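Here are a few exercises to work through with the model open beside you. Try each task before reading its solution.

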Amino acid sequence: MATNNVSIAIGSDHAGFNYKEMLKEYLTNYELKDFGTYSAESADYPDFAHPVASAVENGEFTLGILVCGSANGVAITANKHQGVRAAISWTEEIAELARQHNNANVLCIPARFVSTEAAKLITQKFIDTEFEGGRHATRVGKISC
């Protein structure tokens, strides 16, 4: 059963695999689907970022979480999808602002630059924060091509 009706698509490449597994254990109160990778063997981040972004884009999941070494590759890939607003967040405040001001719906965590405890806090802040709308809605509305 999802908490607050939030469902989460999650994925990572090899650099983010251990963090993804840790976050899956942390997020047991949410409906969650793991889109891979399923080991720490070398893997190409688009192979996991595209399915997570597609699942958010088509409304199958409320939010997405992607983890890779720097978070840049997964963010770039996810942001190719219309209606996806993927945000790299390395602090709770950035995650909060990404949700409040940008209505971000995919969190991208840089595993090589944050601790596991920070990743949990960033993730929870991202999930718990609501979009403020108002002037931000006008701006977000100008993003799609």
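**Exercise 1: the largest pocket**

The largest pocket holds about 170 Å³ of space, the volume being what probe spheres set on the grid points fill, with points joined across faces, edges and corners. A pocket here is an open set of points on a 1 Å grid over the protein atoms alone, where a 1.4 Å probe fits, with protein on both sides within 12 Å along at least five of seven lines; lining residues have an atom within 4 Å of a point.

This is a predicted model, where local features need pLDDT of at least 70 and side-chain atom pairs pLDDT 80 or more, while totals for chains, interfaces and linings use all residues. Residues are numbered from 1 along each chain, and side-chain values use heavy atoms, without hydrogens and water.

**Exercise 2: helix 5**

*Task.* What span should helix 5 have?

*Solution.* Take 1.5 Å times one less than the number of residues. For the 13 residues 116-128 that gives 18 Å, and the end C-alpha atoms are 18 Å apart, so the two agree.

**Exercise 3: phenylalanine 131**

*Solution.* Next, list its contacts (heavy atoms within 4.5 Å): among them are Arg99, His101, His136 and Val140. Finally, check the C-alpha atoms: phenylalanine 131 and histidine 101 are 30 residues apart along the chain, yet separated by 6.4 Å.

Notes: Helices (H or I, at least four residues) and strands (E, at least two) are DSSP runs, numbered from the N terminus. Lists of a residue's contacts leave out its neighbours within four places in sequence.
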